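Please read the sequence alongside the 3D structure below.

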Amino acid sequence: MYFFLRNLSLLDICFNSVIVPKMLGDLILQKKTISYIGCFTQLYFFFFFGTVECCLLAAMAYDRYVAICNPLRYPEIMNRKVCFQLAATSWFLAFPNSTVSAVTVFSVPFCGPNAVNHFFCDSPPLLELACADTYIVQIEALTTTVIFIVFPFLLILFTYVCIIIAILRMSSAEGRKKAFSTCSSHLLVVTLFYGTAISTYFNPKSKYSPDTKKFLSLSYTVITPTLNPIIYSLRNKEVKAAMKRILYQKILQKINSFIFPSII
């Protein structure tokens, strides 16, 4: 589990680095411009790291499935080699998808004014600026969405159905609680990420307002990667103990300052 969490941590740093620095610069400097090459680069790496996240979350779901449904064989099935292969496959599958998707989007002609109604270069708002028919591009986008978003999501759903069945069959209430706690963090991350990503890319011509689309994109590009370390850290006993100590110290300081106010 911690091997995949290291990969997820690196991925979240990279995912945020694609969008957040440019977004903050636009908000602070009020410049709000990006070059053609810069827009292509941002879209390419957005597709790349988004694909890795989808595949990596599916690999993590399989890891939890083996740990709960086949715990005695877990060290044998999920050995170091298998974990490395699953992680490497998640990263390498992103290369063809991001290359084909980014090149396909930028193969259509764009008409001025090239004002992207979004906080980063994403394919749906870019295609709204196209001067030619985008039917082929939309078919390609739908195909990649099914392969790299919907299919991993269905795989995750299947593994969690098996996990829930295995948990319900456990005779011990403590065992069920422990088994559920091992996958609760991953389940929360999957819900946050896929809930908004599928609604955006499976129906790019949805009737959502531009502001709603921006909020949905903000959720899976910025909010979810930022929350991932917090979500997984709260399962760590040392982290929870440290948070309790800090909270206790803060409360104690407030009480002391209220009972014994400073004398001026």
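The chain has 10 helices and 0 strands. This is a predicted model. Reading along the sequence therefore gives α-α-α-α-α-α-α-α-α-α, with the helix definition being that of DSSP runs numbered from the N terminus. The C-alpha trace spans about 65 × 65 × 35 Å along its principal axes. Of the 264 residues in the chain, 41% are buried, where buried means under 20% relative accessible area.

How do two of these helices pack, and at what angle do α5 and α7 meet? Helix α5 covers residues 94-105 and helix α7 covers residues 135-168. Their axes lie 10 Å apart, and the angle between them is about 160°. Angles over 145 degrees count as roughly antiparallel, and α5 and α7 are therefore roughly antiparallel to each other. The crossing in which α5 passes α7 is left-handed.

The last stop is the surface. Which residues make the nonpolar patch of about 450 Å²? The patch is made by L24, L27, I28 and L29. One of these residues, L29, belongs to helix α1, which comprises residues 2-29. Is L29 buried or exposed? The relative accessibility of L29 is 64%. The cut-off for exposed is over 50%, so L29 counts as exposed.

Methods
Residues are numbered from 1 along each chain as its sequence is written. This is a predicted model: local features need pLDDT of at least 70, side-chain atom pairs count only at pLDDT 80 or more; totals for chains, interfaces and linings use all residues. Side-chain values use heavy atoms; hydrogens and water are left out. Patches are made of residues with over 30% relative accessible area and no salt bridge: like charges are joined within 9 Å, nonpolar side chains (Val, Leu, Ile, Met, Phe, Trp, Tyr) within 5 Å. Accessible areas come from the Shrake-Rupley method with a 1.4 Å probe; for residues, only the protein chains shown count as cover. A salt bridge is a side-chain nitrogen of Lys or Arg within 4 Å of a carboxyl oxygen of Asp or Glu. Helices (H or I, at least four residues) and strands (E, at least two) are DSSP runs, numbered from the N terminus. Buried means under 20% relative accessible area, exposed over 50%, partly exposed in between (1.4 Å probe, protein chains only). Axes are lines fitted to C-alpha atoms, for helices over the stretch in contact, and angles run from 0 to 180 degrees between N-to-C directions. Angles under 35 degrees count as roughly parallel, over 145 as roughly antiparallel, 65 to 115 as roughly perpendicular and the rest as oblique. A crossing is left-handed if the near helix is turned anticlockwise from the far one by less than a right angle, and right-handed if clockwise.
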